Amino acid sequence: QDYPRFPLFVDISKKRVLVAGAGKIAARRAAVLAEFGAVVLVAAPDGCAQMEQLEQSGQVHWERRPVRETDLAGVYLAVAATNRPDVNGRLAKLCRERGIMVSHAGDESQCSFYFPGIAREGELVAGVVADGKNHSLAKQAAQSLRIWLKQFMAERKDER
């Protein structure tokens, strides 16, 4: 029997996180991880403009080279988001062997956690996943939650 993923909120502040890849998906993941206080190491020979901006703003440390097995030392969680399925698969396997949570951007069956759509307003944070299969549905739900949370917090402010 397939069970849904258990929603778990963890403190990643000051924890070392590895993002393999520097394309658009990797950059979105890195930005969110940095927003929640992670110390983000990006390993990729080249990447997109958004990752360049994240590096320039000091949100990530980007080493312009392929990901290495040694990058996993001291890592709390990892994101495998290169444009090479073989590299992502190897990284996911190494993470599972070491008990490191991993999100494989191209193959949900290799994920130990799914990257949620996030809705955040004030002190409230909500995460939405669709069991890794329907990203569009999760994205739409997260957008609706963002709108609702904004309204909810505004109403709370009015009550005070």
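Trainee: What is the relative accessible area of R146?
Mentor: R146 is found in helix α4. Helices here are DSSP runs of H or I with at least four residues, strands are E runs of at least two, and both are numbered from the N terminus. Accessible areas come from the Shrake-Rupley method with a 1.4 Å probe, and for residues only the protein chains shown count as cover. R146 is partly exposed, and its relative accessible area is 32%.

Trainee: What kind of model is this, and from which number are residues counted along each chain?
Mentor: This is a predicted model: local features need pLDDT of at least 70, side-chain atom pairs count only at pLDDT 80 or more, and totals for chains, interfaces and linings use all residues. Side-chain values use heavy atoms, leaving out hydrogens and water, and residues along each chain, as its sequence is written, are numbered from 1.

Trainee: Which elements give two or more residues to the positive patch?
Mentor: The patch on the surface gathers K24, R28, K139 and R146. Patch residues have over 30% relative accessible area and no salt bridge; like charges are joined within 9 Å, nonpolar side chains (Val, Leu, Ile, Met, Phe, Trp, Tyr) within 5 Å. Lys and Arg count as positive, Asp and Glu as negative, while His and the chain ends are not counted; a charge is placed at NZ of Lys, CZ of Arg, CG of Asp or CD of Glu. The elements are α1 (24-35) and α4 (135-159).

Trainee: How is V32 classed: buried, partly exposed or exposed?
Mentor: V32 is found in helix α1. Buried means under 20% relative accessible area, exposed means over 50%, and partly exposed lies in between (1.4 Å probe, protein chains only). V32 has a relative accessible area of 22%, so this residue is partly exposed.

Trainee: What distance separates the C-alpha atoms of V32 and M153?
Mentor: Along the chain, V32 and M153 are 121 residues apart. Their C-alpha atoms are separated by 22 Å.

Trainee: Why is strand β2 largely enclosed by the rest of the structure?
Mentor: Strand β2 covers residues 39-43. It is largely enclosed because, of its 5 residues, the number buried is 4.

Trainee: Which residue of β2 is the bridge partner of L18?
Mentor: Strand β1 (residues 16-20) pairs with β2 in the parallel sense over 5 bridges. Two strands pair if DSSP finds at least two bridges between them. In β2, the partner of L18 is L41.

Trainee: What phi does K14 take?
Mentor: K14 lies in the segment before β1. K14 is exposed, with a relative accessible area of 75%. Most residues other than glycine have a negative phi. K14 has a positive phi, near 65°.

Trainee: Which residue takes a positive phi in the hairpin of β6 and β7?
Mentor: Strand β6 (residues 117-121) runs antiparallel to strand β7 (residues 124-128), and 5 bridges join them. The hairpin has 2 residues between the strands, and the one with a positive phi near 60° is G122.

Trainee: How many residues apart are R120 and E35?
Mentor: R120 forms a salt bridge with E35, the closest N and O atoms being 2.8 Å apart. A salt bridge is a side-chain nitrogen of Lys or Arg within 4 Å of a carboxyl oxygen of Asp or Glu. This pair links distant parts of the chain: R120 is in strand β6, E35 is in helix α1, and the separation is 85 residues.

Trainee: Which parts does the salt bridge of K150 and E121 tie together?
Mentor: The closest N and O atoms of K150 and E121 are 3.7 Å apart. The two residues are 29 residues apart in sequence, so the pair ties together parts in helix α4 and strand β6.

Trainee: Is R65 buried or exposed?
Mentor: R65 forms a salt bridge with E63, their closest N and O atoms being 2.7 Å apart. E63 is partly exposed at 27% relative accessibility. R65 is at 11%, so R65 counts as buried.

Trainee: How much accessible area do F6, L8 and V10 have together?
Mentor: L8 is placed in the segment before β1. L8 is exposed, with a relative accessible area of 56%. F6, L8 and V10 form a nonpolar patch on the surface, and together their accessible area is about 340 Å².
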